[in-house]
Each structure stands twice: as C-alpha cells, then as structure tokens.
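My notes go from the whole chain down to single residues.

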Amino acid sequence: MGGGYHVTQRLYEGRYLTVESLFQVPKVCISEPDNGGNNGVLPEFVHGFHTQGNEYSLDGGLVCGRYKGDKDAATGDGTWRLFHGCPKGFPGLNDTWHESSVAFKLPRGSQVYMTTVLSVAEQCVITELRTSRTTAPFQTLKTPILKDFHDLAVKSGCRVFREILMATNRLGTDYYGTAARFEFAKFTYGQLIDINGIKHDMGN
C-alpha cells in the first residue's frame with residue numbers, strides 16, 4: 001500500500017539480511033477491502049528493509065482482509081495474505097506489489113513466527129510463517145528483487161524496521177471515516193542476522 005496511519009514503527013540500524021519476529025495476531029482485525037480501485041483500508045504488519053543510502057527499499061509481511069472475499073465465513077474475521085511491496089519512490093522489486101495467491105486463516109490472538117530474508121543465493125526476498133522457530137513454514141512467499149538492490153544488500157546489508165499500521169492508497173486530504181481497525185497486535189521476540197551470519201537479539 002502507498003501510505004496510511006502508522007501505529008508503531010521501530011528502526012534497527014545495522015547491516016542485516018534477515019529479520020525474524022514473534023507476531024501476536026490481533027484479537028480484532030477489520031479491514032475495508034479494496035473495491036477494485038486499489039483503495040482499501042487495510043491492517044498491515046511489516047518487516048522493512050532499506051539500503052544504507054536509502055537507494056532501495058521493500059516491505060514484507062502480512063495484510064488482513066485485502067479483498068471482499070478475504071473473510072472467514074464462520075467467524076467473519078478477515079483472512080490473511082503474505083505480501084512484498086515497495087514504498088512509493090523506493091524501488092526494490094520488479095513490480096511494486098506481490099502477494100499470496102490464496103488467503104489463509106490465522107486464529108485470533110494466536111502467535112506466529114514471521115521471518116523475512118533477503119536471499120543472496122536466490123536474489124529474492126522470502127517471507128515465511130511458522131508455528132514455532134523449529135517447524136517447517138506453513139506459508140511462504142518468494143519474490144525476485146532488483147539486481148542493483150541485491151548487489152548493495154550483499155555488500156553492505158540493510159537497515160531493518162518493524163511496523164504496525166493501517167495502510168491505504170486513498171488520495172486527498174479530507175478526513176475519511178472507516179470501521180477498519182485492529183486491537184492487541186504486537187511484535188515481541190525478534191532476531192536479526194547480519195551479512196556475516198551473526199545473530200542479534202531485538203528489543204520488543
């Protein structure tokens with residue numbers, strides 16, 4: 001998405017290629033889905049990467065209730081997709097947005113491990129979800145990154161941030177009322193891996 005209301009963001013300066021977080025799924029998560037004009041109001045939970053000089057950037061993470069059909073028929077909860085995207089004005093991918101082809105459920109208030117990796121060997125970004133740190137991923141999204149981004153990341157690593165936000169591409173400056181919201185979502189445990197393979201614990 002292009003922008004929105006940033007609920008919380010934390011930046012980690014360094015030379016990193018991997019970020020892993022324990023994510024608490026919101027107990028309430030309501031979106032205003034896209035209506036065909038790429039203009040929804042959507043909860044997003046993000047790992048972001050910036051090259052050291054801000055030449056390239058990308059986000060990887062979870063988006064809730066992106067389309068009208070992204071809803072659990074039994075509970076009414078929004079269902080989820082992994083995504084990779086580029087903030088406006090910061091290239092990183094061949095296209096600005098990639099997402100899971102099929103939405104999936106995450107139980108309210110549950111916890112999942114989300115890992116996002118800039119893969120040196122595959123020249124791509126990979127985001128995965130696991131139920132524990134040692135289990136195989138139950139969701140994976142893999143997207144090629146630009147060669148120049150890859151080369152800079154290999155050489156110098158990236159600064160990393162974690163972000164929780166309500167994202168929208170709606171234009172204009174007028175106030176817009178919406179029922180979209182989330183409650184009790186957070187990142188807790190986190191670990192970064194730098195370009196030398198050294199692991200660094202993150203604060204909450």
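**Confidence.** I started with pLDDT, the predictor's confidence in each residue, from 0 to 100. This is a predicted model, so I took local features only at pLDDT of at least 70 and side-chain atom pairs only at 80 or more, while totals for chains, interfaces and linings use all residues. Residues are numbered from 1 along each chain as its sequence is written, and side-chain values use heavy atoms, with hydrogens and water left out. The protein averages a pLDDT of 88, and 89% of the residues score at least 70. I also checked the elements (DSSP runs numbered from the N terminus: helices are H or I with at least four residues, strands are E with at least two).

**Overall layout.** I find 1 helix and 13 strands. Along the sequence they run β-β-β-β-β-β-β-β-β-α-β-β-β-β. Of the 204 residues, 50% are buried (under 20% relative accessible area; exposed is over 50%, partly exposed in between; 1.4 Å probe, protein chains only). I then looked at contacts (heavy atoms within 4.5 Å). Among those with a separation of 6 or more, 67% join residues 24 or more positions apart.

**Cores.** Next I looked for nonpolar cores, meaning sets of buried Ala, Val, Leu, Ile, Met, Phe, Trp, Tyr and Cys residues joined through side-chain atoms within 4.5 Å. The largest has 21 residues, and Phe23, Phe45, Leu62 and Trp80 have the most contacts inside it. Two or more residues each come from strand 3, strand 4 (57–64), strand 5 (80–85), strand 7 (111–119) and strand 10 (158–168). A second, separate core has 18 residues, including Tyr12, Leu17, Phe49 and Ala153. I went back to Leu62: leaving aside neighbours within four places in sequence, its contacts include Phe23, Phe45, Trp80, Met114 and Leu129.

**Gly60.** This glycine is in strand 4. Not counting residues up to four places away in sequence, Gly60 touches Phe45, Val46, His47, Phe83, His84, Met114, Thr116 and Thr127. I also checked Gly60 against Glu128: they are 68 residues apart in sequence and 9.7 Å apart in space, C-alpha to C-alpha.

**Asp34.** What does the side chain of Asp34 reach at 2.5 Å? I found the backbone nitrogen of Gly40 there. The side chain also makes a polar contact with that of Arg66, at 2.6 Å (a pair of N or O atoms within 3.5 Å; within protein, one must be able to donate a hydrogen and the other to accept it, and residues adjacent in sequence count only if both atoms are side-chain atoms). Asp34 is in the loop between strand 2 (28–30) and strand 3 (41–51), and counts as buried because its relative accessibility is 7%. Beyond four places in sequence, Asp34 is in contact with Asn39, Gly40, Arg66 and Tyr67.

**Helix 1.** Last stop was helix 1 (residues 147–156), where Phe149, His150, Ala153 and Ser156 are buried. They lie on the same side of helix 1 because they cover an arc of only 160 degrees around the axis (taken from the directions from the helix axis to the C-beta atoms). Lys147 and Lys155 are exposed on the other side. Gly157 follows helix 1, and its phi is positive, near 70 degrees.
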